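Please read these notes with the structure open beside you. Take the points in order and find each element as you go.

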Number of protein chains: 4
Amino acid sequence: MDYKTILENIHASVQPYSCVGKVADYIPELAKVNPDKFGICLNTIDDGDYSIGDSGERFSIQSISKVFALAMALSIKGEALWSRVGKEPSGTAFNSLVQLEVEHGIPRNPFINAGAMVVADILLTSFDNSAERYLEFVRALCGKDDICYNEQVARSERETAYLNAAIANLLKYHKNIDCDVEEVLRLYFLTCSLEMNCHELARAFLAFANHAEPFSYAGIELTRSQIKRMNAIMQTCGFYDEAGEFSYLVGLPGKSGVGGGIAAICPMRYSVAVWSPRLNSKGNSVMGMKALEELTTITSESIF
Amino acid sequence: MDYKTILENIHASVQPYSCVGKVADYIPELAKVNPDKFGICLNTIDDGDYSIGDSGERFSIQSISKVFALAMALSIKGEALWSRVGKEPSGTAFNSLVQLEVEHGIPRNPFINAGAMVVADILLTSFDNSAERYLEFVRALCGKDDICYNEQVARSERETAYLNAAIANLLKYHKNIDCDVEEVLRLYFLTCSLEMNCHELARAFLAFANHAEPFSYAGIELTRSQIKRMNAIMQTCGFYDEAGEFSYLVGLPGKSGVGGGIAAICPMRYSVAVWSPRLNSKGNSVMGMKALEELTTITSESIF
Amino acid sequence: MDYKTILENIHASVQPYSCVGKVADYIPELAKVNPDKFGICLNTIDDGDYSIGDSGERFSIQSISKVFALAMALSIKGEALWSRVGKEPSGTAFNSLVQLEVEHGIPRNPFINAGAMVVADILLTSFDNSAERYLEFVRALCGKDDICYNEQVARSERETAYLNAAIANLLKYHKNIDCDVEEVLRLYFLTCSLEMNCHELARAFLAFANHAEPFSYAGIELTRSQIKRMNAIMQTCGFYDEAGEFSYLVGLPGKSGVGGGIAAICPMRYSVAVWSPRLNSKGNSVMGMKALEELTTITSESIF
Amino acid sequence: MDYKTILENIHASVQPYSCVGKVADYIPELAKVNPDKFGICLNTIDDGDYSIGDSGERFSIQSISKVFALAMALSIKGEALWSRVGKEPSGTAFNSLVQLEVEHGIPRNPFINAGAMVVADILLTSFDNSAERYLEFVRALCGKDDICYNEQVARSERETAYLNAAIANLLKYHKNIDCDVEEVLRLYFLTCSLEMNCHELARAFLAFANHAEPFSYAGIELTRSQIKRMNAIMQTCGFYDEAGEFSYLVGLPGKSGVGGGIAAICPMRYSVAVWSPRLNSKGNSVMGMKALEELTTITSESIF
């Protein structure tokens, strides 16, 4: 079956789930997105890209942004990065303060909020203008110069982000944040507010799927081994406390965001981005997860 | 580089670690094993097996036995299995009672002790003589009729297993064990006491690596999708709270045991078993982990 | 107002609560008690005792038994006792394993189940026949030779006591139990099964209320300071995770049991025992707590 | 023995502990206090006050301030207060975020930091100028018009208070703080910075010891029952996770602060304030605790 037909089949098969789940509503900007949107784009290594639905419409990538930030921090710090953040799955909800208190301020991994704040702190201390450097890097990855932060979303999130502010203060208390707490939160929410469409996300993740190619974008370089290790972390930590479920049902490294996006890769085969705003109780896109489960079932291709 | 040379290189490269770590000593039978043993066997799908060192010497497979037990339970119960045990990484030490109490008796996954006890309970209620059926299944998997439990090890473990007895009683309290607590503990420790060598382990795991072949051994059958899902669970949960580390450094689904063994698979390529009794602080074989890291580094083959 | 009138007023004022709460039903023997029973007996230091209702009917004293066991252990071990059990309030439900795991097998205090098991272990290692010695001590305290264990209740509890068996095994794992786990559980449940009526309980607790008198019963001796410290522990730890509530509403040191009994003391004034089998969600007698709140409100006598 | 002689005996008996413990040093202002200071003042209900040592020197009362704030909140809200804060002992360290996360933003009691922040929030929403009202109330309690906040201490604490900022944000996240987070922290630290000497503290606490007198100070009124309940909360929650220890060794309701002060009361007898800056590992004054243990041992007067 060719990928075009596969995407059509997927599109049809996820329809029964089109009303399941709930759009993230903790900030007005995210709540007003049309919940019925569905788009998918698959970008093969050697055969171009395939898409269906609302794949050209940009949305808030939210936590998917943590993958790009980690790539930058890993490029800068190398293995030394892991003295400040772990690489083990979290085993509890993505925003748990308990783990952080028990483990003295070392976040479990770079994809829980606490870990992403430590990564943001590293970017802030490494670059004069980290927000611009981040944007340049992602633009280079996806080959589009006009993707942007949504400053209103970022500001709006910061204003109500009491839990994240608690986390950032706790990290600072444990001396795992060097910069000012507010500055870290600002960069963190700014990167989360980045808006991309499925084409752009799939294109950006192609660099992680195709580790035969040199990884060098806007001055950020990763070795082949580092790319694979990025994928390993996505695999074990990419879906909050549903990492095992996603691994079991889909079997691809990936990362989700509360904007309803999921990006995933099949090493040396393709990258894929899917978007549907309704989330399950764990904060992952219902139709997005179904679509990817269907994809690896139809193709019989997964990492396992 | 051919696999024979690769194994020789690995053997050489792990020598610096030959005195690092500590043999499991909580029961005399495990403590008296020679700590300097090292063996590895790699079994390719289409090209026979390669080995080096003490690969022909049997050792206590301990927690690696949980993979075989899970295969049996999954074959019997199918997806219904997951109502009694989760498939998420545990995020804490392998024997934590805290998680179990917080999550009301549903173990995080089938590879922590609590989860393996629930699996043992399922085997006990499914077969008249579950211990014999388990043995038949593993014998069929590895094609050897003379592998056996070590009843003395099993008995010795049971006698001092206060923490495991606490776990089993807590599961019973939460009604997630149907059989008698003692009976469950007996089967659990019996399967842990199974003794195999690297050749036999690698051969047994080949069935998980080669999911193109039908999986049917001693009456236990798994679909191709189920085999892949077994691998997914090994990937996310196979190394206690070092699952992320193993995924990051090695990048293969696998399972370790405190006897010093590790079995892993590279889907559609090979299975591999390594044995070295000295453990790191997380309970995983020091040289075993190094050897597998070296293997995927040299071959540039991993699932990522 | 004289005590007779006070008790009559209390009896009247608790009537609105006569159908609130639920009899402990985890073992059939406790479940079949008449839920409508209510008795109270107040024993003054210098003016005899006063009672009303079913004060002459014996019931299962359950956790109140822990006070007598602690008195024996404190008499034997003195301050050295506190190396094996804490004296801080537990802050969580009375049977929590979490605290025990986090604090490496040292129970928070002697009135949570874990702590009472450590105390039972101390009695077992101190006496040849600890069950008989315990009985002699309580008989001497209350001046009645015919109070007895209910062996059927004890056996019945042991059979279904999976959570307590988990706790005992965890204590043994942490080496805070010297004797056999089964033996400790047997003594623990035997002491819990003791049956006394309100007169007998009040009389037994008079020894703690009147610390001007020498404390010496069946060979168990406490200093005046030790008696006061017993009272301090009852005050901070006597009511599971409702210790603060009881202290706030009643203001007397005391101890409750899931049989529906509560015994309390007003130092140098009186002891009091109340019995009503319906429990609130925390495991304390609803009418019992109300009755004692009423008592200290009417008399304006509490320790504060 | 008269109280003067008792205080002299106490003074002598605490000398062996004069170099034990460590002055709180998390802010420079607290660190520079002379660690060798020791003062005590005992204020009897009907016989004036007795003092010894540095009882006339003012120090930072820190957490003792929480007693006065609670009195104000209880006066304003009555029993409705307890829907926003518990009255159970905390069972863990005084600043634990774990409990707060598990119990969804309801602090265990008003004397842990989280609970005191909720109380501060109540004061802020109840008064136009809560900081002034608080000061007026404490001035009225101790009969001194010149006690003051130390704004420099307050500011200095706020600047480094990452853990407290984490707690306040977590409370806000759980909607248990109505005002602005910064405003709550400001009032919280301001009240903690209040400076009083032992005479003033003992005098202020006399109002809680003598519940036969009407409690009405600067517009804040409590009933007799409310005073007793204040004492009950001091008894069970006044010493962080050493409440049980203090109750056991001393047997008086009281409250400590990291400035090295402790205030306690013997109902209807006396109030007492002691100050010595060296703290034990739990944050309580070493010599202060010893002095009060000695006091109740010599007098044989405690609440038990």
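**Notes on the chains, sheets and loops**

1. Chain A can be laid on chain B by a turn of 180° and a shift of 0.0 Å along the axis, with an RMSD of 0.0 Å. That is the relation of a two-fold axis. The superposition is by least squares on the C-alpha atoms of residues with pLDDT of at least 70 in both copies.

2. A word on the source. This is a predicted model: local features need pLDDT of at least 70, side-chain atom pairs count only at pLDDT 80 or more, and totals for chains, interfaces and linings use all residues. Residues are numbered from 1 along each chain as its sequence is written, while chains are lettered from A and ligands numbered from 1 in the order in which they are written.

3. Now the contact of chains A and B. It takes 28 residues from chain A and 28 residues from chain B. Two residues are in contact if their C-beta atoms, placed from the backbone, lie within 7 Å. On the side of chain A that touches chain B, the elements giving two or more residues are helix 11 (224-237) and helix 12 (243-249) of chain A. The largest share, eight residues, comes from helix 11 of chain A. Helices (H or I, at least four residues) and strands (E, at least two) are DSSP runs, numbered from the N terminus.

4. What classes of residue make up the side of chain A that touches chain B? There are ten nonpolar, eleven polar and seven charged residues. Here Ala, Val, Leu, Ile, Met, Phe, Trp, Tyr, Cys and Pro count as nonpolar, Asp, Glu, Lys and Arg as charged, and the others, Gly among them, as polar. Of the interface residues of chain A, 100% are also interface residues in chain B, so the copies meet through the same surface.

5. Turn to chain B. Five strands make an open sheet there, in the order 3-2-10-9-8, with antiparallel pairing. Two strands pair if DSSP finds at least two bridges between them. Strand 3 (49-53) and strand 8 (254-256) of chain B are the edge strands, and each pairs on one side only. From one strand to the next, the twist averages 5°. Axes are lines fitted to C-alpha atoms, for helices over the stretch in contact, and angles run from 0 to 180 degrees between N-to-C directions.

6. Look inside that sheet. Strand 9 (residues 261-266) and strand 10 (residues 270-275) of chain B run antiparallel and are joined by six bridges. I265(B) stands opposite S271(B) in strand 10 of chain B. Helix 10 (residues 198-209) of chain B lies across strand 2 (39-44), strand 3, strand 9 and strand 10 of chain B. Helix 10 of chain B runs at about 150° to strand 10 of chain B.

7. Two loop residues deserve a look. Most residues other than glycine have a negative phi. M268(C) has a positive phi, near 65°. M268(C) is in the loop between strand 9 (261-266) and strand 10 (270-275) of chain C. A218(D) also has a positive phi, of about 50°. A218(D) lies in the loop between strand 6 (215-217) and strand 7 (220-222) of chain D.

8. Are these two residues buried or exposed? M268(C) counts as exposed because it has 12 C-beta neighbours inside 10 Å. A218(D) has 15 inside 10 Å, so A218(D) counts as partly exposed. A residue is buried if 20 or more other C-beta atoms lie within 10 Å of its own, exposed if 12 or fewer, and partly exposed in between; C-beta atoms are placed from the backbone.
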